[in-house]
Amino acid sequence: MVQNTLFNPINRRRLLKAGAAIGGLQVASPFIIKARGETPVKIGFIDPITGSLSALAVSEVEGAKWTTEQINKNGGILGRQVELLVEDSANDTGTGVQKAHKLIERDNVDVIMGDVNSGIAYAIMGVTAAKGVFHIVPGGHTDPITGTDCKWNTYRTCNTTAMDASAVTPELVKRFGKRWFFVTPDYAYGHTLQDNFVKRLKALGGEFDGDMLPIAQSDFSATLIKAKAYKPNVILNNMGGTAQINCMKQYVQFGMNKEMALGGALFEIESAKAVPKEAQAGWWCQEWYWQNPAVPAVKTFVDAISPAIGKKPTARHWMAYVSIHAVKLAAEAAKSLDGLKMAHALGDLPLPPEVSLMSGDIRYRAGDHQLMSNIFVGEMHPPEGDPDALFRVEATVTGEQAAGSVADTGCKMVYPS
Amino acid sequence: MLQLVMFNLTNGLIVGAFYVLMALGLSLIINLSGVVNFAHGNFLALGGYFAFMLTPYIGFWGALLISPFLTAIFGYALEKLIIRHVYMRNHIYSLLLTFGLAFILQDSCRYLWGPSPLPLTIPDAMSQPITADLFFVTWYRVFMVAVVTVAVAGLFAFLRYTRIGMRIRAGTLDLDTVSALGVNVAMLRSYNFAVGSFLAGLAGVLAAGQIGLNPNMGDDLIMPSFIAIIVGGVGSLTGTLLGGLLIGVASALTTVVYPAASDAVIYVIMALVLLLRPRGLLGEEGMLT
């Protein structure tokens, strides 16, 4: 038989071997695909569930858990179920870093999220950057995270302190005056927040004094004595969590609410609900608020999540919700859970209204990985009608307006080659 | 500036009075039982939470009366069931045990009442300042100082004039002899622990009215209590009283010049005392051995 070297016909043995191989694949490949499908997408969520910021952290964790359940009901991420691993940073930097290492090295998470405490978020970012793990900071506000120390693997959902200060300063100056007294926590968030307020106040010809206090301060009488002596137009309560609550209570107890206005960047709903009615006051930013008739998706979200959490959602629930959806969107755009691919994919990716829960073009800016969300400036008040109706929006500032340019933030984003 | 200093001095004495109440309870337990109760701050939190539960039914005054007794009963039970088993062991056991109890109690509070801060409603009139000039001295703070004064006087009277009190004082000095004289030392320790817990519970109700409730509230107050005891002298209740007032005033005055150090200054004082006079201001030598 002559063998044709140009055309190699398939002989029976080869055909049988090929057939067996194809048949074998039909049996084997589902195992491979099925095995991949059974491996969940792991998101490590680090937050200070214990400590002075626990109320805020618990809201974030509630939002994250609910969002994860909803995503899993709708097929998960890339066809895989999502597993949320929650760890307590105990409001301590060392503990937060330890938990980040544990989640990455032992639990092999695909994504890290956290922390409410800016200092811990910043420290965790160091770990995730070194390990090349995709990291979203839902609620840590200090500027360097998406500013001077921005990293290719880290995105942030909540505002920077610069954005909050930029949004609320003109309103406070216009309504009350330019002589301010700051009550500020002595850590990363407080320093950058006060620096940003001072920069904007000085630009408007203002003057100031203030105290930097331990993050978990419980007695503010000495500081409030100083504030009263200074006679400011506005006292800015930059504290957070239980410290902010105690400061507000004592501010009202000392009768200072009759002598000076009150304001600041954030007075979160969790904290507002824990103070007496007289202290539910002042001018603040809200990063998201549940009453927003202009955006139908907000009502859908509120109606869906409220029964599960037993109350109206707050900005912290929203931060977790957007962050987890951002992972889904980034993974689907990148068709991968590889950190670098997701990082490239999420930059400037428009978030649909059912994810952003805001009007306008909301996206994580590619230049600094900061979410350009709207900021709601307004007045806190005692409940009107609904027990969670505590805030009246008077002005909405877009993220781009408040944040300025990428160059202003000092971020120089460098991706690995 | 002088007015600022005087105001802060007054404020520091008020804050210090509160530290005294916490520290005295802790000191009682250390002196007789030799147990450093790391869970003491959590007894404070429990007292506050008991008051929170009772206030809707019996009002603030009723809750103030009952909650410390409930805390005392809880402390008594805890001592009888758990803590007494480590008395004859190395000190490290009691440290670890009470350290673990602190976490258990804190998480229990979080589980039962939630992680979010809760307010304890006090009568409206007490929230007002006593005068316009002394705006930082509210009627509630005056009331707190009055309660602390009565509690401290009551404690000293209890220790001086009651049989149990005399036995506790004697036991602090020489427990073996007290036992040899036929006193039931086990019961004595239990009652002593209950008294210490009572004081923590009372401090908890007062604190809750001022700063509200949260599961971690004891953590922030336990360290100043320890420092008050070290500064005043282990084994001396009068020293503890002085130590509490001293650190309260020091913290308040530091806020005038360098607020960020208002927490750190009490540790600096502790370090200085340990270096220069290790037994404390009024402590006796050898009390820690």
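Colleague: Which residue of S3(A) is the bridge partner of Phe45(A)?

Modeller: Strands of a sheet pair through backbone hydrogen bonds, either parallel or antiparallel. In this predicted model, the partner of Phe45(A) in S3(A) is Met113(A). Strand S1 (residues 41-47) and strand S3 (residues 111-113) of chain A run parallel and are joined by 3 bridges. Two strands count as paired if DSSP finds at least two bridges between them; strands are DSSP runs of E of at least two residues, helices runs of H or I of at least four, numbered from the N terminus. Residues are numbered from 1 along each chain as its sequence is written, chains are lettered from A and ligands numbered from 1 in the order in which they are written. Local features need pLDDT of at least 70, side-chain atom pairs count only at pLDDT 80 or more, and totals for chains, interfaces and linings use all residues.

Colleague: What is the strand order of the open sheet in chain A?

Modeller: The 5 strands are ordered S2-S1-S3-S4-S5, with parallel pairing. Strand S2 (82-88) and strand S5 (154-156) of chain A are at the edges with a single partner strand each, so one side of each has no neighbour in the sheet.

Colleague: How many residues of chain B are in contact with chain A?

Modeller: Contact means that C-beta atoms, placed from the backbone, lie within 7 Å. By that criterion, 27 residues of chain B touch 31 residues of chain A. H1(B) gives the most to chain B's side, with 5 residues.

Colleague: What pLDDT does chain B average?

Modeller: pLDDT is the predictor's confidence in each residue, from 0 to 100. Where pLDDT is low, the predicted coordinates should not be read in detail. Chain B averages 89, and 98% of the residues score at least 70. For the complex, the predictor gives an ipTM of 0.74 and a pTM of 0.80.

Terms used. Contact = placed C-beta atoms within 7 Å.
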